[in-house]
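Please look at the sequence and the model below, and keep both at hand while reading the paragraphs after them.

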Amino acid sequence: MAGGAREVLTLQLGHFAGFVGAHWWNQQDAALREATDAKETPGELCPDVLYRSGRTLHGQETYTPRLIFMDLKGSLNSLKQEGGLYRDTQHDAAIAWQGKLTTHKEELHPKNPYLQDLLSAEGVLCSDGVWRVKSIPNGKGPAPLTTAPTPKPLIPSEGSIRVWSDFLRVHLHPRSICMIQKYNHDGEAGRLEAFGQGASILKEPKYQEELEDRLHFYVEECDYLQGFQILCDLHDGFSGLGAKASELLRDEYLGRGIVTWGLLPGPYSLREPQKNIYRLLNTAFGLVHLSAHSSLVCPLSLGGSLGLRPEPPVHFPHLHYDATLPFHCSAILATALDTVTVPYRLRSSPVSMLHLADMLNFSGKKVVTAGATIPFPLVPNQSLPDTLVQLGGAAPWTPLSACGDPSGTRCFAQSVVLRGLDRACHTSRLPPGTPMPSELHACTTGEEVLARYLEQLQPQVRSSSHLLLTPCKVAPPYPHLFSSSLSHQGLVLDGPPTGAAVESVPVLGALCSSSSLNRTLGDLAKELTKVDLRRWASFMEAGVEQGDLEELLDDLCSLAQCYQGGDSFMD
């Protein structure tokens, strides 16, 4: 790989993981396309960590995500499983049978209007049946097909978004998508709804061999594989699939980092008791088993609680989102994910996955919480020290791990990333001789400002921080979530709204080993003690027994004890 990139292979498991992943890859794609913008400093993040270079059978160069994605039958809509960049040689092979043939052709899903416009803007279907993509401005991708100006950004209507493939603007490699045909995405029958169902999928030779074959394909072309990141649905049977996948990775790729993001969609209703019990059980089983096999596990959700009692979704002062829309929720979580994963994607002095995990998960604390400030509330002509002082003494980020109010909790270790601030505002702009309002104003670099602020916020806490110039891209198809009080660069305006579309935002993101997990995991265990599995026969039919639940309760309590408030590496 160019530049000695420390490659990461991404696994996406589940439909909500597909929503988060689609936004995530769209943001990577937008960053690639802006890499030659003179207003930015290129090269802070290394795209080769996540992407791979390749070549089609027709000699066309490609640059696609290093990705394996597993979802259910009926989840792709118009997207082909083999993607659109490569000719499928298996389907093109001549048929040897000379007898009578009967063809059964499934009716095609109509392509989302947004994707139809996007394809016409970004490439052309040639006479040989091969989709040829226009070049990416940073030099990746094939030679340009046209010198036409960049088209106006295309915005998908929210009503047109049914599945994640309706707004994915990135072309995938044919080895990326793996469909699970035995379960259905739509309908009430044949659903993947229990942990045991998901775990049993990778016990079947067909699916295990298919996953292993794809893993070997991607891993063997890596020069320095630092590890795997897993985006996994926690609320349904994909929690079991993720648990088995992480176990397979640990056994087969010993010494590589495995960072797992357990994803939970928007709010739920008390009027669906079976779905809620299943969500509770799947989440608990998933967290325990994923933490056993992963280097680090982080639940991600806009909900206020992991338990049966629904809590209001989290609030962002400058975002207006509909928590019932996966399209909205996944966009926010992807933005947070794009920020907190920065340390192991840096081009210069990267922090490896294993090093990041070791820093956060000491004393058995393999589960961490996430938080983000989207956007970071910087006012034009204001400095970073000014903004941090105004934020006060409480943690400035909104919690994103469904662990409730973090007030009064203790942080044992944290990794913090602040991105998207112009270098000119990193330090104080006060004239020489002016009394300093705070210690932060006396710092000489932005990195020192951020580190000193975190030390004041959480004294004697193991802390790592990174300050980047590169903002987070929120170009279409990212939904319109931002208030009119923001500039197109995501800064908080102190005057009347300009009506400009927000194209990028500064973001503050954090991963924390927090004592809030003591309460959250403990409460989860208490709720599970009230569950009688005999009432939920279908969950037991999927391979989970009463003894498994009792073992789960013991494991949850042990995990919760790791986060008691008195424990710290300083004690």
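The model is predicted, so local features need pLDDT of at least 70 and side-chain atom pairs count only at pLDDT 80 or more, whereas totals for chains, interfaces and linings use all residues. Residues are numbered from 1 along each chain as its sequence is written, and side-chain values use heavy atoms, with hydrogens and water left out.

A search of the whole structure finds twelve aromatic pairs, where rings of Phe, Tyr and Trp (its six-membered ring) pair if their centres lie within 6.5 Å, with planes under 30 degrees apart counted as stacked, over 60 as edge-to-face and the rest as tilted. One of them is the tilted pair of Phe-19 and Phe-167, with 5.6 Å from centre to centre and 45° between the planes. Phe-19 belongs to helix α1 (residues 15–33) and Phe-167 to the loop between β6 (131–133) and β7 (177–184), so that this pair links parts of the chain 148 residues apart; helices (H or I, at least four residues) and strands (E, at least two) are DSSP runs, numbered from the N terminus. Both Phe-19 and Phe-167 are buried, a term that means under 20% relative accessible area, with exposed being over 50% and partly exposed in between (1.4 Å probe, protein chains only).

Tyr-278 and Phe-539 form an edge-to-face pair, at 5.2 Å centre to centre and 75° between the planes. Because Tyr-278 lies in helix α7 (residues 273–293) and Phe-539 in helix α13 (residues 537–541), this pair ties together parts that are 261 residues apart in sequence. Tyr-278 is buried, with a relative accessible area of 3%, and Phe-539 counts as buried at 0%. Elsewhere, ring pairs link Trp-24, Trp-25, Tyr-51 and Tyr-63 into a cluster.

Charges also sit over rings, meaning that NZ of Lys or CZ of Arg is within 6 Å of the ring centre and within 35 degrees of the ring normal. The charged end of Arg-175 is placed over the ring of Phe-217, 4.6 Å from its centre, and Lys-365 lies over the face of Phe-412, 4.8 Å from the ring centre.

Phe-539 returns in the largest nonpolar core, which has 113 residues and in which Trp-261, Leu-528 and Phe-539 have the most contacts; such a core is a set of buried Ala, Val, Leu, Ile, Met, Phe, Trp, Tyr and Cys residues joined through side-chain atoms within 4.5 Å. Apart from it lies another core, of 29 residues, among them Cys-222, Leu-225, Phe-238 and Leu-249. In helix α6, the buried residues include Phe-238, Leu-241, Leu-248 and Leu-249.
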